[in-house]
There are 2 protein chains.
Amino acid sequence: MAAEQDPEARAAARALLTDLYQATMALGYWRAGRAQEQAEFELFFRGCPFGGAFALAAGLRDCVRFLRAFRLQDADVQFLASMLPSDTDPAFFEHLRALDCSDVTVRALPEGSLAFPGVSCRVPLLQVCGPLLVVQLLETPLLCLVSYASLIATNAARLRLIAGPKKRLLEMGLRRAQGPDGGLTASTYSYLGGFDGSSNVLAGQLRGVPLAGTLAHSFITSFLGTEVPPNPMLAPAASQGPMVDLAACVEAWLDRVCAHLGLGVQEPHRGERAAFVAYALAFPRAFQGLLDTYSVQRSGLPNFLAVALALGELGYRAVGVRLDSGDLLQQAQEIRRVFRSISAQFQMPWLESISITVSNNIDEEELTRLAQEGSEVNVIGIGTNVVTCPRQPSLGCVYKLVSVGGQPRMKLTEDPEKQTLPGSKAAFRLLGADGSPLLDLLQLAEEAPPQAGQELRVWPRGAQGACTVRPAHVEPLLRLWVQQGQLCEPLPSLAESRAFAQLSLSRLSPEHKRLEQPAQYRVALSDKLQALVARLRAGGSS
Amino acid sequence: MAAEQDPEARAAARALLTDLYQATMALGYWRAGRAQEQAEFELFFRGCPFGGAFALAAGLRDCVRFLRAFRLQDADVQFLASMLPSDTDPAFFEHLRALDCSDVTVRALPEGSLAFPGVSCRVPLLQVCGPLLVVQLLETPLLCLVSYASLIATNAARLRLIAGPKKRLLEMGLRRAQGPDGGLTASTYSYLGGFDGSSNVLAGQLRGVPLAGTLAHSFITSFLGTEVPPNPMLAPAASQGPMVDLAACVEAWLDRVCAHLGLGVQEPHRGERAAFVAYALAFPRAFQGLLDTYSVQRSGLPNFLAVALALGELGYRAVGVRLDSGDLLQQAQEIRRVFRSISAQFQMPWLESISITVSNNIDEEELTRLAQEGSEVNVIGIGTNVVTCPRQPSLGCVYKLVSVGGQPRMKLTEDPEKQTLPGSKAAFRLLGADGSPLLDLLQLAEEAPPQAGQELRVWPRGAQGACTVRPAHVEPLLRLWVQQGQLCEPLPSLAESRAFAQLSLSRLSPEHKRLEQPAQYRVALSDKLQALVARLRAGGSS
């Protein structure tokens, strides 16, 4: 446990970020002399979100960070003591003070893996083994760290499938998230799921997420046009030649732009133009315009063009424009037409292909429209609809006990969807000759792994009986990441996990990748696991 | 700025929790010589969530905590420098290093206030004044801190209205939240909105939210019934008389319970019973049972009763039971019937009225059912449906510039819903003789406040013209909380804000409190503000 040396340990979730019943159960286990019994829990979800047939597993890096830093401080233990019976044996609190995760082992799907819940049969995202008391305490924080991360990564992957590979997708939802960490998690895992970047500076600083940002309406409305910039002079891009008064140069260009567009030169808002000039003075190499503060066609666009052309004359190339209201697709077409016409008129060929960014409550339906053939939109900013996952704002992950002291355990509730699969398990993905996944197989940990090219009998859940399958390739799904509290191999970088997710998705058959009414991917049990379930259900040994 | 002395400063959101465009605009303002200009922003939302006609304002305490701690560290400034043009004047970064909120003033609705957005006319939740550069930078974090807090407080208030005053409502959604802070915010502000407590230990420790918790299915499935507790002996409640072997005593009671219920004594699951005994040994004064791990009627209930009666014999009173699946209302009726019958049979009168807690994906509809006349449910645990606000997972707050250098500003976009109200404003709630709110009035800050008993002319938004109103009482809505960076008065405690919210709701007329298709509450402008809007819209001075 190298928590002190980990610069991110301070950022880890706190140990008391848990439900009170974990603490009361901890006391129950301890009083029953069972705190140190070896137990195994599985973390999984019961159905794919958003009506799809896949999810992306995510959140492992936050879980590892949490486990490495996990310690109850004196103040934490004192607080728990205040919540528990006053005659609780003080030795229990000594036990809590000494707790850490140095006896905890975690197997998990790598970040960005495809995860498929079958019908009441799920490959776990995490398998957590260790002393019963401590692995029970970990339930709530691990669920909290995995559930939303996987949900938003999946949401982002769907949006990427809709947008296609060429549109740039930016996450801009920090202000719509559930507080600071909600925002940080959203930015991190929407990038993992396939977005290109985020507006969230903290996600850039702490997680290396690529950042993007331009300007807001308030910047524009803050200018009246009567302000006198302390220094309106700008040197040419090549640093040769005299400095130029950018504001004056822009006014000259405005005349020519308005004449070309058939607008009166008084129509474009002078405050908006002053704001663009101020922004251009600060960012001559990265000038962008937000066009819809007053009127796109009569103000924002001509003002932007006047500044972009003035900069162009000095050798700078404007980066693009952003639209935040109205019919985004149609406006993008009109703007591109104007760009082409102006670009030809004033012989600035680079201008016709500058970037058009759009935002404003874009959901899957609107994204489909914006991504259609012939769309002139280049960059799409999505906030609320990526961050809050409004179609299904929770993944519903659960964390269930599957064995204690080496004995399998199973919850045999009357609600079949809430039954669990017993025992310590291994999981494999069986692939076809073309590398596409055929089905996932769950078996007991002690069974020999399936072999490529060999036929085997499996029990797909939801089906009436067994069937046979002959995989061309076999991939083990659950990797050992933390053993006895030690990280076994470096976690992949966020960018590596992002690439892995895209690769995995590219191999998935289109019938499972469809966003509406996809074919369900099959998950099956081995003969032995199927037999154990039947035995426990009949009351055999549990 | 007493950030260092504030024990919660460490918990405050970080300064770089913001959108990149705030930093690029900061450079734009600075380059234009406008960093220190006095500006005012308003934070408001555009429509009430969940189809209702009210919202609760919340999140102010987190905003104040953030403002007091706001500082860019060296590493933060270096990171921003890496995101900005390499030839940016170093003096800009010196300016950032020296930034704090010591020139920032905040007026706001008190925590728990009723907030009503009129038709394109909103009383702001926050008014933030200060140097343009710094108040611009605050946009994203303030939105992030207010938006979800107000959303979940409102959601909780609706659930409380449905449940009525007598049911206990517990928030249990930490595992469904958007990461750690999402969970902490959810627990804090669902309590403010009217819940009785939470399962989230961190919310109890950091925010003083009352906590509740029992046990989970994993505790029960971890027991086979073959375990030997190290010490099965329990002393009577009154501490007089000999210790008793609780497990043995429970077995004797099980015979009597099964005989009375007509069950075979082998039917109740022995592992479940062992788990209940273990929990009772740890919590003899707070014993609760989770009934649905195997079968409520044939296992969970008789096992619980055997333990409760054995404890009862020793003078302890069990606290209650929890159900987490199936038809909760119907099972509660059946369980209560059994409690009554057992209580009479074995002369333990307290047993008939112990608490029945239910949980399992409870939403507004199911809550309505559970709260109906004659329901035997006492405590209702809600997770996903309070935390994720699935009917509308984002409030959509915005933060808009309303004045710079004392001059009003207005966004005159072509989308009328996105227009803003210009100028520094004051807001008043006009009340009827019975204390119920009639309408909210927005006027320019310099206007004299409306007087109780005096008729005045106002312009309700969405209406064709002006109307007159004669309030019996007038309440100023926006209080000064932070002046020049100093807290002006202590923030009310969370429990005080919770009581204020309930009081405010009790005074609101039922037509506005209806959860579906309520009458919209009116917000009106004063004569002078109405005239300013008309003038700016006509292009008068902006």
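1. Two strands are said to pair if DSSP finds at least two bridges between them. The present model is predicted, and in chain B it contains an open sheet of 6 strands with mixed pairing. The strands follow one another in the order β21-β20-β25-β19-β18-β22.

2. The edges of this sheet in chain B are formed by β21 (467-469) and β22 (473-476). Each of these has a single partner strand, so one side of each is left without a neighbour in the sheet. Direction ignored, neighbouring strands are turned by 40 degrees against each other on average.

3. Within the sheet, strand β18 (residues 425-431) and strand β19 (residues 437-444) of chain B run antiparallel and are joined by 7 bridges. One bridge may be located by residue: L431(B) has P437(B) in β19(B) as its partner.

4. Helix α18 (residues 527-537) of chain B packs on the sheet. The strands it touches are β18, β19, β20 (456-460) and β25 (522-526) of chain B. The direction of α18 makes about 80 degrees with that of β25(B).

5. A further point concerns a contact between chains. Helix α11 (residues 270-282) of chain A and helix α1 (residues 20-31) of chain B have axes that come within 8 Å and cross at roughly 100 degrees. Because angles of 65 to 115 degrees count as roughly perpendicular, α11(A) is roughly perpendicular to α1(B).

6. Which residues meet in this contact between α11(A) and α1(B)? From α11(A) come A278(A), Y279(A), L281(A) and A282(A), and from α1(B) come T24(B), L27(B), G28(B) and R31(B). By class, the contact has 5 nonpolar, 2 polar and 1 charged residues.

Notes. Residues numbered from 1 in each chain as written. Chains lettered and ligands numbered in written order. Predicted model: local features only at pLDDT ≥ 70, side-chain atom pairs only at ≥ 80, totals over all residues. Heavy atoms only, no water. Helix = DSSP H or I, 4+ residues; strand = E, 2+ residues; numbered from the N terminus. Axes fitted to C-alpha atoms, helices over the stretch in contact; angles between N-to-C directions. Contact = heavy atoms within 4.5 Å. Parallel < 35°, antiparallel > 145°, perpendicular 65-115°, else oblique. Nonpolar A, V, L, I, M, F, W, Y, C, P; charged D, E, K, R; others polar.
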